[in-house]
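Here is a short report for a first look at this structure. Start with the view below, then read on.

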Amino acid sequence: MDAQNISTPPKTVDWEVFYWQWMPRVYNFFRYRTGDDALAEDLTATTFTKAWRSRAQYSDDLSAFSTWLFSIAQNVAVDHFRRQRFHLPLDAVPHLIDPSHSLDEIVQKRRDSAHLAALLARLSARDRELIALKYGAELTNRAIAKLLGMSESNVGTSLHRIIQKLRSQWDQEP
Amino acid sequence: MNDDFLRQYRQEPSEAFGNALYQRLADLDEPPAPITLPPQRKRSPRLLALVAALLIVIAVGVVTLESRNRPLTANLAQIDTRPPLSDLVPITAQNAAQISQIARVGRGRADAVAWSPDGTLIAVGVSNGVALYDADLKNAPRLLRTTHDSYLRPVSFSPDGKLIATGDGAAVRIWEVATGAQHALLDVNPEAYLDSIQFSPDGRWLAAGGALGTEEGMAIYTWDAQADKLVGKVEAQDTHSVQAIAFSPDGQMLAVQTDAGTSAYDPTLTKPKYIDYTPLDSGRGLAFSPDSKTLAIAHSNEFVLIDTTTLKYKQTVTIREDKTANLAGLVYSPDGSLIALADRSYGTLTWDTKKSIFVIPPTKVIYWRDLSNVAFSPDSQQIVTSSDGSNVVVTDAHTAAVIASRVDYDDSVAGLTINPDNVTVASYGYDGKLLLHNLQTGALMKEVPFSGTYITQIAFSPDGNLLAYSGFSSPAHPGGAIQPLGIQVVNWQTNAPSSTIDITDNPYFVFTSDGRIIAYDKNSEYLAWWDLSQPTMPHTLISDVIEEPQELRLSSNGNTLVEFKFGDDINIYNTATGKKTAIPASSGYNTSIALSPDGNLLAAIRLSSTNTSLLTTFDLRTGKQLMTVQFPTLSLGRATFSPDSKLLAVIGAGLFDIFTPDNPTPIYSGADRDSSGTNVTFSNNGHFIVTGDLDGVIRVWGVSSDATAQP
């Protein structure tokens, strides 16, 4: 950042499109991270509020903005847990009433989701963050590595270990 | 690897939420705000208006000063004071309402860190108080105990090194370092939550800052450190909570950082001056140079240097051009030659103030990103960092070489069990550490070696001599598979392996009163028992179990066995006849069960489809449901019965309640407690309850004989 940025008019970026593209990822990052729908909404709002004012700096580099966005999201999560201290989410059972599915399918979906929420709740904070970035935010291993300052192979190895752990527990469910 | 099961947890946010948030953002809109403009900044009119509004709020918040300090006699509160376990009376339905937290065991998470002025001690603010380590970190720390449950624990030594102060919720607690005697307890607004503290370098003032009520409120207090007298107070709602504070070396200026920027105050907090209006999106940290000429302020990915005379920006230092850095702490070396930075992504960094270059650059992650604070040794040669886990690491300030480190749990208490001696508690963290603490003294007795990835269950044998645990191995190579370890049994006093029951899957197991182990044997698909002297020889107990149970409970007399799998019926077996009865999982999804020691009562925790948790009890003799309690949370963890089966304790996120099994009204309700539990268990003599919490602390609850003597 330097003084030149002040006089450089921002390029035309459709921030609304960007918002609708990335907001669900941030929301799901927090959902996987906290297991609480309402809290995920609150933390998503906090993240975007912090990022929104400075978004114009990233007009010419949206990929940097998305990285920065999740960097803020990570810290919003850290700050939340540091202050709130309440994070034993066995999670919300999602409100999935989809008329295209049978009642049995809906019940099974709820059952699976609640089961997975319980397993996620038993992960360490570190492991849960990796899972949240991978499956909630849907970031690539490379993007996660960049975000966390880890090597890409280290991210892959860590995720492999966590997924194995979850898989072994998941498979106990008939 | 099939990971579809993980993807199905994704859920689209509601359209209403998305639209509302977008509208809120649109309302925030303003001209592009420059983040850093060295050496001069243009200030947007809108920001200036915000600054003015903030100052008005602050000014309104400055009220008549009053002293609410409560100096205590020097020897009133020694280190580790608490009623001994022998003073506790059995917990009953009649006295359970008087239960209180009598002790906290373990160190808990590490937050702030400070090095004593003489260089001999390192103080770490932890969940449980202030841990005082020798500077080489070799010995177990002395623990100065606090009372408020919190992760955030600021620490500051007085300049002469004789006192140490910390925030304890809505109070500042000051101890004499040499004796551990409490010097003073300085109360503030009960709505305040202090997470920043500092003595002024001249020793004249003490300042503390934090949140007021919610995170939307600001609280700043200053005291005359000689008289423990309050001299300044700012309490302002609807603004930003304090992130960091720093005194200038001459003690005449107190810099206060919030999410809205940084202000400078005089020590009595009457003349605020806004000096850095950069909104913080993340990160924190403030420090004056030893010569008072420069104030360094951390922003998320950069820090700025401000001339304290002109309040102009002198320099902006970007940590990473890719904006991946996140500063959590900043400090000048005592000789002024270096600035050390705690970065959540890149660990500890140092920057040469004369050459304006990084000495330890942000090139690779040294620790995980939860680094929380940093401090210099008095000789400016070493730095110590703390993390939100419980790591304390001393490194060379120029080479980043690790000189010393201490690690307790890397995370939270994931499970625990009490030895039949009613003194020893075994617990494990999510990081695979298996620790033994003495509940009477609070001391860490030992760490039981565990080489695997994580532990899933622990239990003491009935005679208390053996400790059994199950878990998963470490991968043989990066990316390799982790394998169930079966049930490992060790003599916990000698660490000598006793037996290994080699079960293919990760087992949930129970000890029988005569020392056998019951678990699911996948090979035979039976519930089996093992004599520990013949661990390879399973004996069929019940053949009517086709899937490994999620949890298994056995009554004290061994006659009743209960098991369930997630979401399924709860099955109750008569172990003598093998007869099975079932409690259908007709509503919600069972997640945990508790069986009364007499085998007559069952408690089930279920997640309901209405985003609530249900605690339901059953009389197994009649099959009748006794009560159901609904909790407005899905974060109900575990339940446990008292040894006499007359009480039921339940724990979860922010709650800890005690019931009689047939009455949905709790006898004791700790719903407002300030921590979240993962495990709860009664002592074998029924005199106390132990909870394992997310902040890495084991808490002991009981009723002291003094309490029962009161009317």
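A residue is buried if 20 or more other C-beta atoms lie within 10 Å of its own, exposed if 12 or fewer, and partly exposed in between, with C-beta atoms placed from the backbone. This is a predicted model, in which local features need pLDDT of at least 70, side-chain atom pairs count only at pLDDT 80 or more, and totals for chains, interfaces and linings use all residues. Residues are numbered from 1 along each chain as its sequence is written, while chains are lettered from A and ligands numbered from 1 in the order in which they are written.

Helices (H or I, at least four residues) and strands (E, at least two) are DSSP runs, numbered from the N terminus.

**A buried glycine**

B:Gly283 sits in the loop between strands E19 (273–276) and E20 (286–288) of chain B. Is B:Gly283 buried or exposed? B:Gly283 is buried, because 30 other C-beta atoms lie within 10 Å. Contact means that the C-beta atoms of two residues, placed from the backbone, lie within 7 Å. Leaving aside residues up to four places away in sequence, B:Gly283 touches A:Asn75, and its other contacts include B:His299 and B:Asn326. B:Ser300 is also touched. The C-alpha atoms of B:Gly283 and B:Ser300 are 4.7 Å apart, though 17 residues separate the two along the chain.

**Confidence in chain A**

pLDDT is the predictor's confidence in each residue, from 0 to 100. Chain A has a mean of 71, and 69% of its residues reach 70 or more. Helix H1 (residues 4–7) is lowest in chain A, at a mean of 33. Helix H2 (residues 15–34) is highest, at 88. Values stay under 50 over residues 1–10 of chain A, where the model has 12 contacts beyond four places in sequence. They also stay under 50 over residues 84–103 of chain A, with 61 such contacts.

**A helix pair in chain A**

H2(A) meets helix H6 (residues 125–136) of chain A. Among the residues involved are A:Phe29 and A:Tyr32 in H2(A), and A:Ile131 and A:Leu133 in H6(A).

Note on methods. Axes are lines fitted to C-alpha atoms, for helices over the stretch in contact, and angles run from 0 to 180 degrees between N-to-C directions.
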